Amino acid sequence: MGVTKNCTMNAGDSSCGQDPAGAEATHAKNIAPVDTSAVTPRPEGSIYMGGFRAPKIECVRVAVIGLGERGVLQTLHFLSIPHCEVVAICDPHDDATKAVADQIEQRTGKRPAEYNKDPLAYKKMLAEMKPDAVIINTPWETHARMAIDAMEAGAHALVEVPLAITLEDIWRVVDTSERTQRHCMMLENCNYGRNELMFLNMVRKGLIGELLHGEAAYIHELRSQMFSESRGGDSWRAKHYAARNGNLYPTHGLGPVAQYMSLARGEDTFDRIVSFSSPAKGRAAYAKKHFAPDHKWNKLDFKCGDMSNSIIKTKLGRTILVQWDETSPRPYDRKNLIQGTEGTLADYPLRVAGERISPEPADKPEDGQPGGAEISSEGSYHEWYEGEKAEADLYARFDHPLYKRLGEEARQKDDRGGMNYIMLYRVIECLHNGEPMDQNVYEGAFWSAVGPLSEKSVNEGGTPQIFPDFTRGDWKNTTPLPVIR
Ligand SMILES: NC(=O)c1ccc[n+]([C@@H]2O[C@H](COP(=O)([O-])OP(=O)(O)OC[C@H]3O[C@@H](n4cnc5c(N)ncnc54)[C@H](O)[C@@H]3O)[C@@H](O)[C@H]2O)c1
């Protein structure tokens, strides 16, 4: 394992799924003194997984763990994707497995095996069904243990965000992937958003010059999740907000920015992070307003600052602002900003500016398509190029080839603009073709590490925290994610 000092092990906890109140223990682990730069050599027999190609799979047999809000949505997407079959589903609640099995049977004529009643039923499922891939859609504290068990059982692990919530668990996941030679992809769906894909395409064309700075966020007012208490439901999140303080959900904004910058992929990598949280006011105020004085939410002392602010410094010296706020009453925002020496691309709303960015397309289109590398030599940057007409123009000129291929089908099947469908389509396509996954295990590890590292920085008054090098130096030899067609 990469980090050994002063950590205890969530993933080593065999009570996985039976201890949903592990948030306090997680916080204690995340603020404990630890030398994050100390990395042990990769054990013999383990291999570096960046760029790893697994043997091709004709039809990917998928098993699902967790059938809550997210799990049902993901499971149903698989039914429309070629080269895969949902062979088994698992959730402790048998009414949940029955309802989803009914839908699958109705749509495909085949009923998946159902595993339920026991939080450890997923282990039986892994042993009996021997799936090719397992998708994990459960509360955060269970992700690492389940991913490790899935890979040990011979399956590729597809893990909802974040990959894990302590550094030691992140290392365990990385080490298991390297030892078992199974993919472990954290499912950062926002990397497949139309604008994120388009920005990646524009950045790779060199339109904003050398990259300097990014801004990433997950700002989404979700206090009403406090009402979703049936069968434990979303209340697992509230326990984390009560016990921990930092950026507990960093990957939606950071994932895309990290791939624009090719962090941990040859060009540059994560170096250090500082973090500060605002006061924690909104959750307690909401509980007071909406729940009885003796309700459990009114007995919690919410410690997590409403707005979490972190700045990441990369090895090349670039900066990334990462914010997280699921509490304050304000509009949704993932920022999605990337700034270079020659221009800036930003979102919410979509807008661009730069020396080579102008409403006038280039005279010489690239590949016969409008919108080649040279947009204009007379760009504009004192005002944003934005609005309905600008959006249509930018999409026409710069939509990512993957979005052009799958976007329309994805939009019909996915009410979140298609990003979930495109992500799962690519997951199956990569496994079917024996291609590297679009997000390797190290990217999931670095993006998720912002959780525990920000907690530690906040706890220490904003001191810089060093990112562990989950690649053990191999990021230098990893190719950047190409523009997939
Ligand atoms: N990428 C995204 O856009 C996105 C959106 C929502 C949620 N998520 C992630 O998805 C995960 C689930 O979130 P959700 O909103 O669906 O939560 P949820 O509470 O609605 O569902 C969690 C499900 O996991 C099940 N579960 C718990 N322990 C289990 C066990 N031991 N074995 C099998 N099933 C178990 C629960 O019964 C429940 O059905 C979280 O990690 C969350 O961060 C991601």
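Predicted model: local features only at pLDDT ≥ 70, side-chain atom pairs only at ≥ 80, totals over all residues.
Two residues are in contact here if their C-beta atoms, placed from the backbone, lie within 7 Å.

Residues are numbered from 1 along each chain as its sequence is written.

The overall picture comes next. The protein has 14 helices and 15 strands, taken as DSSP runs numbered from the N terminus (helices H or I, at least four residues; strands E, at least two). Of its 485 residues, 51% are buried, meaning that 20 or more other C-beta atoms, placed from the backbone, lie within 10 Å of the residue's own. Among contacts with a separation of 6 or more, 77% join residues 24 or more positions apart.

Now helix α7, residues 194-204. How many of its 11 residues are buried? Nine are, among them Leu197, Phe199 and Met202. Just after α7, Gly206 has a positive phi of about 80 degrees.

Last, the largest nonpolar core, with 128 residues. Such a core is a set of buried Ala, Val, Leu, Ile, Met, Phe, Trp, Tyr and Cys residues joined through C-beta atoms within 7 Å. Ala147 and Val173 touch the most other members. Helix α13 (residues 419-433) gives the most to this core, 10 residues. Leaving out residues up to four places away in sequence, Val173 touches Ala147, Leu163, Cys184 and Val441, among others.

Definitions and conventions. Buried ≥ 20, exposed ≤ 12 C-beta atoms within 10 Å, placed from the backbone.
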